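Here's a quick tour of this chain, starting with its surface and ending on one helix. Take a look at the model first.

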Amino acid sequence: MAFARIEPCLERVHEAETPRRTDLERLLGLTDPADIERLFDFADEVRRRHVGDAIPVRAIVEFSNHCRNRCAYCGLQAGNAVLERYRLDAGQVLKAAGRVADMGIGTVVLQSGEDPRMPAEWLGEVIERIKTRFDMAVTLSVGERSRDDYTLWRRCGANRYLLKIETGVPDRYERLHPAMSFENRRRCLKDLAELGYQVGSGIIVGLRGQTIATLADDIIFLKACGLDMVSVGPFIPHPHTALGGQPAADLMLTLKALAVARILMPDAHMPATTALAYLDGVDRRAAALAAGANVIMVKCTPYEVRRLYDIYPGGAPVDADTAATLAQLEATASILGRQLDYSRGDCIRTLRGPLPPSICQPGYYAGKITNAM
Ligand code: SAH
């Protein structure tokens, strides 16, 4: 017999500007299957009301696996000497973007490791050429750079930026990311928002040292950032990393964290992360789509290099055909009574115009004007 109904707790979290940590801990710690189902159903209903039933599709092109960082969990980390490194040239990126356009997908995500030899001007030109040739939104995910670089790319037409905070607890962040600083990552997120990007961030569930309390703090941090896109994905150990011997994330905890994040951030675009397809041998993305997630990502990285974008094991299938993947996802969506949406799928806030200042952090949205260009 459960102690008390969880509905009042769900409502409080949903309505909170600054949620109570104890409420989040309670929801993240649920063990009674009936309660967990209530949590997922509530998140699913919040998702339906705020972002609707459509499942926006994003195509991702992973253009370089060079990385200067040594993140404790990521297979691209600089110390992984067995990984063969690649960097696509501009023509190859353009060609991949062309395939995305041919498939009718309205957003391309350009992602890479934090590649120190990727000049800002080079990426700027690639963005400009994509924006001139194709009618699509461009999302960047290339790590921490200077405000000048972010400014340049925005001027070249980039619309969105993904930079996961991974954990919102500064000392945990710094333990997981040698020689990196929480403060700089936060600076990047702030710069990006001020420059008018639609900004996404997110966390990894199940990293060593995480507790229900730190996970609650992670989610509170995401809420305080006022994000347009929020990703909550599971940790998958990679053998050539510091955390290679650690267990993978718990599926249920990942889904609970996703559901809590949705309830707290009703308007955000939230992916059913690709990592959920590889966590435990079963594709768990349908479960995520039924527990608060609304977005799906498909890989459009050229087949020749796909296996080299080896963030976590299993995450870079060489043979998966993008069109076949889309057909499968269509089927998954229809089982859920939903449909893939190939349009740009801009963020709710962008579509709606700027938020009233009262619910923004001071100065956070300064300059955050419409960016649906
Ligand atoms: N270099 C860019 C792009 C990051 S790679 C940046 O720093 O923003 C994309 C994401 O993969 C990371 O943000 C991280 O959250 C996720 N990731 C990396 N290794 C992982 C692992 N072993 N398990 C789960 N997710 C992982």
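The accessible surface of the chain comes to about 15,200 Å², and carbon and sulfur atoms hold 54% of that; areas are Shrake-Rupley with a 1.4 Å probe, and for residues only the protein chains shown count as cover. Keep in mind that this is a predicted model, where local features need pLDDT of at least 70, side-chain atom pairs count only at pLDDT 80 or more, and totals for chains, interfaces and linings use all residues. Residues are numbered from 1 along each chain as its sequence is written, and side-chain values use heavy atoms, with hydrogens and water left out.

As for the fold, the chain has 14 helices and eight strands, taken as DSSP runs numbered from the N terminus (helices H or I, at least four residues; strands E, at least two). Buried residues (under 20% relative accessible area, 1.4 Å probe, protein chains only) make up 58% of the 373 residues. Of the contacts (heavy atoms within 4.5 Å) between residues at least 6 apart in sequence, 75% join residues at least 24 apart.

Definitions and conventions
Buried < 20%, exposed > 50% of the residue type's maximum accessible area, 1.4 Å probe, protein only.
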